[in-house]
Every structure is written in structure tokens, then in C-alpha cells.
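I opened the model and kept notes as I went. The entries follow in the order I looked things up.

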Amino acid sequence: MAKRLVLFDPAVFVAGRDYQIFLRVGADCAVSVEIDGKRFFDHANGVIRTRTRIHRVTVPQTALDKTQKYTVVVSPLIERKPYFSRFAPEERLDYPFHPVPQENINVYHIADAHGRSTHAIRSAAAFGKQIDLLVLNGDIVNSADRLTDIDTIYRLSQAITHGSIPVVCVRGNHDLRGRYAEQFGDYIPTVDGKTYYTLRAGGLWAIVLDTGEDKPDNHPEYGGTICCEPFRREETAFLQRVVAHADSEYNAPGVTHKLVIAHNPVTNVAEPPFDIEQDLFRQWAALLKNDVRPELFLAGHYHRCFVSDPGSAFDTLGQACPVVVGAKPEGGKAFTGCGITLKKDKPDIAFYRG
Ligand SMILES: [Fe+2]
């Protein structure tokens, strides 16, 4: 049963102070997660969900970090009706789990896979280290036009993490395109429904920023489907709230490393029509530089791999820290991603082609 019904190993996304365990399935079923005898459900306000093809079970980080193992419980639905719904016997899938450590954190970064997974998976293997955290930094899909497009996220997570290490998943501009784009937040982690948030994982604190589309909202290519300008202004307010609560965010006890993770490295002003939101991105840059003071800004989008130090030719709006642009797809031929080890001193940053 499990092989046909469960399409991929679960993805353990980290968002906020929780893990959101996602399971991509091929048929109606109920999904829950058991940790140390306690059961967590995928539910909608107390109703067990069975009609979705991507289940989300939210569990507290503290619980899974402590047990370092979890069981996914899948109950295939026979019939859902107002009275006496019926399920087939449950299937239990056990996974070990490795939380992010406080120090010497091995991060592998992939963006811009654009629906291809084979070479991105090989590039992660070329990193050659025990990965502690996988970052999927946008444009993993080429568009969100079919539900199966979103499977690239789950295919990469399965091959690289086997459901046993945390994954950060950020939205890129291509993820806002196609018939499923408006539901994309149902298929990736969110906090209070938003695709921007902060997270903790071991010694790491990170702010995930959703840079949205890369051209003006009224660009003809979007055909009237995009309103990222007001969305980004919501995000400015969020960034200001994070700074106002620094003591429980990036200045909290146990934070050893601070990252910004966003698809588009917005401190670079690109050529028209990509030269959007300069005042707003300058405001984000100032908040990051003066208050958050991150160690690195991880980005993709440019289909190149390089590190831009503050003040470089790439830094037009005022970088707070080095910007790592770490993803280079080469069609179906190769993929280069970025391996980062966060250490007490300077981080190790290198690019791996697979
Ligand atoms: Fe992009």
C-alpha cells in the first residue's frame, strides 16, 4: 500500500519554531506523525484532512530534536461520509532524524532547478559532507502549473535528506506562475499562511524573505495575476517587527549563526524591467545591515555562482554581509549548487557541480 499511496519520503521543513512534516500522497488518506507516543495530526480546525494530495503535520522542534526519530502514520481512506467514515488499516513509516547542531553546520543550497532534479542531487553528493540542513531557495519548479510540477521539491528532499534532516524551502519568482501558484503556500512551509518568516534550527537563526516576482506587477507577461508590490510592503512591516523583537529573534540565547535566505539577491539592481522596488529593497538592506547584522545572505536567481562582498560591483543598494549567489543550472547537462559550513570563525563556502 505505502509504495503507491506515499509518493515520496516525508520532507521535514523548518519554519518558525516548529517542523512542518509534509507528505506527498497519491490518493485520499489521513496522515499523522507520532513522536514519543504523542500523535500530531494533519487537520483543518479539528477535522482530519483526507482529500489533499500534500499533507502537512506541524510538530514542535523541541519534541523531535529530543527523540531524533518519528513515525508517519498513513490511513488510506475507504469512504468518507457524514456518519461512519471508513479507513483501511494504518501503515507506519519510521524515520531517524538529525537536528541541526549548534556549531559546524553543513548547509547545502539549491535554487533554480527549474523542474530538474538529477544533477542537483549529484551536486549535493559532490559536497561530500554529512549535510545538516538543505536549503531549497526558489525556482525549484519551472512553474506551478500542475501539481506534479511541485514534486521536484519532494524529489530533491527525498534524495538528499531521506526525511531525516531539516529542509528550508523558499519561494522564487517562477513559483508564482501557473494554475497552482495561488495554492503554492499549501505545498510549502508557511507561518500563519505567509511565505516569509524567521526560523530557528540548532544554533542557526534565519530570516526567510519572499522576494516575489522580478518585474513590475503590471508587466504584460503576468497578464494581471500578480500584486507583489503590496505583498512586499507587508514584508517590510514584518522585517520591522523582527527587529523590534530582536531579543527573542536573532539575539535570542543559543543563536550562533544568522542567515538571510531569499531567492533574489535584492541588493543588486538589475537591468530593466528587473530594476524594481529600489527604495523598498534599500530599506530592507538598511534594516539587515544596521540591526540584524547577518553572517551571510543566501540567494539564487542569477544562474551563476559567486560570492559578492559588501561594496563589490554587484552591491548597488548596500549589502549587510557577503551575498552568496549559489545555483547554476545548465539545462539537463549539469547543476552547480553551494555547500557552506558555518563555523566559529569564517564560514567555508564552495560550489559543487554535479
Ligand atoms: Fe528566479
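**Domains and their contact**

I began with the two domains: the C-alpha centres of domain 1 and domain 2 lie 27 Å apart. The protein chain is divided into domain 1 (2–96) and domain 2 (105–353), with bounds from an automatic or database domain assignment. I note that this is a predicted model, where local features need pLDDT of at least 70, side-chain atom pairs count only at pLDDT 80 or more, and totals for chains, interfaces and linings use all residues. Residues are numbered from 1 along each chain as its sequence is written.

The contact takes 17 residues from domain 1 and 22 residues from domain 2. On the side of domain 1 that touches domain 2, strand 1 (11–15), strand 2 (18–24) and strand 10 (91–96) each give two or more residues. Strands here are DSSP runs of E, at least two residues, and helices are runs of H or I, at least four, numbered from the N terminus. Strand 1 gives the largest share of that side, five residues.

**Core**

I turned to the largest nonpolar core, which has 91 residues. Such a core is a set of buried Ala, Val, Leu, Ile, Met, Phe, Trp, Tyr and Cys residues joined through C-beta atoms within 7 Å. A residue is buried with 20 or more other C-beta atoms within 10 Å of its own, exposed with 12 or fewer, and partly exposed in between; C-beta atoms are placed from the backbone. V135, L136, V168 and I261 have the most contacts inside this core. Domain 1 and domain 2 both give residues to this core, so it lies between them. I checked V168: leaving aside neighbours within four places in sequence, its contacts include V14, A206 and I261.

**Helix 7**

Which residues of helix 7 are buried? I found F281, W284, L288 and V292. Just after helix 7, R293 takes a positive phi of about 50°.

**D139**

I ended at D139, in the loop between strand 12 (133–137) and helix 4 (151–161). D139 counts as buried because it has 27 C-beta neighbours inside 10 Å.

Definitions and conventions
Two residues are in contact if their C-beta atoms, placed from the backbone, lie within 7 Å.
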